[in-house]
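Me: I have a model open and want to go through it piece by piece. Can you take my questions in order?

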Amino acid sequence: MKHSPDTPFILLALLTLSLVVVLGLVAAASVWGVVWNIISIVVLVIVIILGLGLLSLFLALKGKLNIPWLQGFAHWAVNALFPFALTLGKLFGISEDAVRRSYVAANNQVAVAREIQVQPDEILVMLPQCIQWSDCKVKITNDVSNCRRCGRCVVGELVELRDKHGVHMFVATGGTLARRVVKDIRPKAIVGVACERDLVSGMRDVSGIHVIALPNERPYGPCFNTTTDVDQIEDCILTLLQ
Ligand code: SF4
């Protein structure tokens, strides 16, 4: 039988190429293994750090952790996981507002447990614009003192509270203005009133400042003629002054 002289070399070339391909796959698998190991280690470290953060939060909620930097650590972990908590809440049928209210309550509990004491002029009471009666023509967003205290909304009583305790008070039309006011006044503590969504985003914005937050009351629905409990605001101020 006659064979073409180059036939064995074709086979050899194919076998060699096969070996190269196998080696390439093995090399790729081992490189991916290294990459995967690095990713796993990084993820594990992040999970451990977040776990410690949540443990700090648990201890803070139990009143057994009064170390500011660990509370800050807990705050960081909560903020990092909060978007996941919102998504998981939806899966379990828990509304976003309920999760946000829980966030606010947890933050308040930790904030009160810290027992910080500040001077009156280091406190800023931040109010939403929708707390003003909708038909009121007085402009209170630049200066809440412009309120004529007519009694149609709660702003008049809040201004009296401001004068009584000597704290700052501001009515913010939005997050940008609120941030600017915080930057200008540089308070050590904020008592914030707003809807849950604005409270959470505001609290995440001003991490580092002591915040006590109160969800507003919405007897006419969202963003319209909202109100708040003045006694509760005064309790918050007194907590900070004690
Ligand atoms: S209490 Fe002040 S803000 Fe409210 S309606 Fe009267 S004047 Fe306007």
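This is a predicted model: local features need pLDDT of at least 70, side-chain atom pairs count only at pLDDT 80 or more; totals for chains, interfaces and linings use all residues.

Me: Into which domains is the chain divided, and how many Å separate their centres?
Reply: The chain is divided into domain 1, residues 6-94, and domain 2, residues 117-241. Taken over C-alpha atoms, their centres are separated by 42 Å.

Me: Is G51 buried or exposed?
Reply: G51 is found in helix 1, residues 7-61. Counting C-beta atoms within 10 Å gives 11 others. A residue with 12 or fewer counts as exposed. So G51 is exposed.

Me: How far apart in space are G51 and A74?
Reply: In sequence, G51 and A74 are 23 residues apart. In space, C-alpha to C-alpha, the value is 9.4 Å.

Me: How many residues of strand 1 are buried?
Reply: Strand 1 covers residues 123-128. I123, V125 and L127 point one way, and L124, M126 and P128 point the other way; all are buried. Strand 1 is therefore largely enclosed by the rest of the structure, and its buried count is six of six.

Me: In strand 2, which residue is the bridge partner of L127?
Reply: Strand 2 spans 168-172. Strand 2 is mostly covered, with four of its five residues buried. The bridge partner of L127 there is V171.

Me: Which residue of strand 4 is the bridge partner of I190?
Reply: Strand 3 and strand 4 pair over six bridges, in the parallel sense. Strand 4 is mostly covered, as five of its six residues are buried. The partner of I190 in strand 4 is V211.

Me: Is V193 buried or exposed?
Reply: V193 lies in strand 3, residues 189-194. Within 10 Å there are 26 other C-beta atoms. The cut-off for a buried residue is 20 or more. So V193 is buried.

Me: Which residues are in contact with V193, leaving aside its neighbours within four places in sequence?
Reply: Start with a C-alpha distance: V193 and I233 are 40 residues apart in sequence and 8.7 Å apart in space. The contacts of V193 are a separate list. They are M126, L127, P128, I131, L214, N216 and T228.

Me: Which residues of helix 4 are buried, and why do they lie on the same side?
Reply: The buried residues of helix 4, residues 155-165, are V155, L158 and R162. They cover an arc of only 60° around the axis, which puts them on the same side of helix 4. On the other side, D163 and K164 are exposed. What covers the buried residues includes strand 1, strand 2 and helix 7.

Me: Is R186 buried or exposed?
Reply: R186 is found in the loop between helix 5 and strand 3. Its phi is positive, about 50°, although R186 is not a glycine. With 10 C-beta neighbours inside 10 Å, R186 counts as exposed.

Me: How many other C-beta atoms lie within 10 Å of N225?
Reply: N225 lies in the loop between strand 4 and helix 7. Although not a glycine, N225 has a positive phi of about 45°. N225 is partly exposed, and the count is 19.

Me: How do the residues of the shell around the ligand divide?
Reply: The ligand is surrounded by 13 residues. The closest are W133, C136, C147, C150 and C153. By class, the shell divides into eight nonpolar, two polar and three charged.

Note on methods: Residues are numbered from 1 along each chain as its sequence is written. Domain bounds come from an automatic or database domain assignment. Helices (H or I, at least four residues) and strands (E, at least two) are DSSP runs, numbered from the N terminus. The arc is that of the directions from the helix axis to the C-beta atoms. Two residues are in contact if their C-beta atoms, placed from the backbone, lie within 7 Å. A residue is near a molecule or strand if its C-beta atom, placed from the backbone, lies within 6 Å of it. Ala, Val, Leu, Ile, Met, Phe, Trp, Tyr, Cys and Pro count as nonpolar, Asp, Glu, Lys and Arg as charged, and the others, Gly among them, as polar. Two strands pair if DSSP finds at least two bridges between them.
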